[in-house]
Amino acid sequence: MTFNSFLAAGSAEIAPLFVELGAIFFTLAVVARVAARIGLSPIPFFLLAGLLFGDGGLIPIELAEPFIQIGSEIGVILLLFMLGLEYSGDELIGNLKKGLFAGFLDLFLNFMPGLIFGFLLGWEIVPALLLGGVTYISSSGIISKLLSDLGWLGNRETPTILSILVFEDLVMAVYLPLMTVLLIGTGLATGLISLSVALITVSVIAFVVLRFGSHISRAVSSRSDEIVLLSVMGVMLLVGGIAQQLEVSAAVGAFLFGIALSEPINERVHEIISPLKDLFAAIFFVFFGLQIVPSELPPVLLIAAALALTTGITKLLTGIFAARRAGVSTRGQRRTGTMLMIRGEFSIVIAGLATSAEINAPELAPLTAAYVLIMAIIGPIFIRMLTPKATAGTPRILQSTPIAIAQPTQETS
Amino acid sequence: MTKIDIRETKLAGVGVQHDFPLETGGRIGVITHHTGRRDFLVFSHDDPDFCSIALQFSEDEARLLGQLMGASQVVQAMADIHQFPGGLALDWITIGDQWTCRGESVQSLGLSSVGINIIAILRLDTTHTAPLADFKLLPQDTIIMSGAPEDILKAIKLMQGTGA
């Protein structure tokens, strides 16, 4: 095909494709604005928007679907990459030593309910393990944004919350490759071999990352933002692709690459990649919603509510135990538990693994969507209920505390 | 000056937090983010684990506040701890208009050879703590240094150009 005939063929389809994509992004912008107005994370709203565009939705899309699908895969990689970027290798290791007890308590208390619910639904082991992951992992994206927005970063319980989130992220680095292998569903012998290959690959990448992090950082550095952007995207997709080829999951490869980038380049990469992550992560949430037929939701709502109640309580207990161990007061313990209740992007990443594989649990995707919708919305609402009426920065608090404030002097009065 | 018990907490993925109790009650602190952002914290009186105030400062604003809070206090604090047990002393001296060290860099003074450390230099209302080796001295700068009392005398003579 010559270039001209390519253009002619393309232009017929390109116009409706642009209209579809434009409609999607515009809708996302509107729902994100609504979410911001009422002080909630846009993630559950992006899922709802996806439902709107999918099969059986109000405005079914056709042409944009291939783009959305590839975009959503890149979205997952970027989400995990940005997560890795937040931490340095030393921070992760230091944290692992401190937060071991709280981490395992969290894993046990919150993985079990999902797993058990999966079995009760008559699922096989693999989808049940996926549901365990869905209920286990808190949303570090929503939680860290809330901590910052509410001015809670300095609170005594915050190190406990962050340390649990870091532990969960590390568990993901083992859990995702494990599930990737299990989902391929080969026999026990080949399964064990692929699993060993996957875990060895993760270890090798992790070792390279921790040992040569500063070299990798220097390699992507440049004065030009353009070169940094292209280097980071190039290495991220290469590492992700190779990891995926070895059945490790591309996202984990990207996560480890994110950890490898250390100061001073990590802040700049954060700034440069952030808008891309926002774009592709939104596409990922939409794509997940797209694949759910809205009529599948009502039958799973009751199960989702029961799951939300159970795992809301188990996360609350996790937070209370962990914060009490760290010597935090009762109110701080409650704040910890409530904060950790919020599930979001990573629950969807885990359930999203199943959409590309063939598993015998059609309820998994709609159940996860309904569950995340509940947890991502009620969590922040509970948090606001725990916040004292007079919030950060109001002068009223200054007067109610005995902290010495400048007394009016003779001259000024 | 009494010793203040500063609590340091690492916040994974965020930065590092320092906080300390106030003599008048309450607790204040600062979070230094990896991004350079600073959060100024005031802990609540009725829930000491909770920050009732968290103000965001840029790096420049934080430095400005630090200077406003610190500059006038350095000299006053020195007056209280002029000499420690064990022979270590702190002293400060203002450079005269005719001293030979004027216009010279800190490094070229060779103070470390006589066992003296420069802790800070006060210029006008600004405190330059731990000045770099290429910091140029000017008349009317106040140099704060530590070392043995006799070494401090040697250092002053060096700067005046009258001995050593």
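## Composition of the two chains

Of the 164 residues in chain B, 26% are buried, where a buried residue has 20 or more other C-beta atoms within 10 Å of its own, an exposed one 12 or fewer, and a partly exposed one a number in between, with C-beta atoms placed from the backbone. This is a predicted model, in which local features need pLDDT of at least 70 and side-chain atom pairs count only at pLDDT 80 or more, whereas totals for chains, interfaces and linings use all residues. Residues are numbered from 1 along each chain as its sequence is written, while chains are lettered from A and ligands numbered from 1 in the order in which they are written.

Chain B contains 2 helices and 9 strands; these elements are DSSP runs numbered from the N terminus, with helices (H or I) of at least four residues and strands (E) of at least two. Chain A, by comparison, has 17 helices and 0 strands, and 46% of its 413 residues are buried.

Among contacts with a separation of 6 or more, residues 24 or more positions apart account for 77% in chain A and for 46% in chain B.

## The four-stranded sheet of chain B

Strands of chain B form an open sheet of 4 strands in the order β6-β9-β7-β8, with antiparallel pairing; two strands count as paired if DSSP finds at least two bridges between them. At the edges stand β6 and β8 of chain B, each of which pairs on one side only. Neighbouring strands of this sheet are turned against each other by 20° on average, direction ignored, with axes fitted as lines to C-alpha atoms (for helices over the stretch in contact) and angles between N-to-C directions running from 0 to 180 degrees.

Strand β7 (residues 117–123) and strand β8 (residues 126–129) of chain B are joined in the antiparallel sense over 4 bridges. Arg123(B) has Thr126(B) of β8(B) as its bridge partner, and Ile121(B) stands opposite His128(B) in β8(B). The hairpin of β7(B) and β8(B) has 2 residues between the strands, and Leu124(B) takes a positive phi near 50° in this hairpin.

## Helix α2 of chain B

Helix α2(B) covers residues 149–160, and its 12 residues reach 17 Å from the first C-alpha to the last, close to the 16 Å expected at 1.5 Å a residue; the expected span is 1.5 Å times one less than the number of residues. Gly161(B), with a positive phi near 85°, follows the helix.

The buried residues of α2(B) are Ile152(B), Ala155(B), Ile156(B), Leu158(B) and Met159(B). They lie on the same side of α2(B) because they cover an arc of only 155° around the axis, the arc being that of the directions from the helix axis to the C-beta atoms. These buried residues pack against β6 (89–94) and β9 (142–147) of chain B.

## Contact between the chains

The contact takes 29 residues from chain A and 26 residues from chain B. On the side of chain B that touches chain A, the elements giving two or more residues are β1 (7–11), β3 (27–33), β4 (38–43) and β5 (51–57) of chain B. The most come from β5(B), which gives 5 residues.

By type, the residues on this side of chain B divide into 12 nonpolar, 11 polar and 3 charged. Here Ala, Val, Leu, Ile, Met, Phe, Trp, Tyr, Cys and Pro count as nonpolar, Asp, Glu, Lys and Arg as charged, and the others, Gly among them, as polar.

Definitions and conventions: Contact = placed C-beta atoms within 7 Å.
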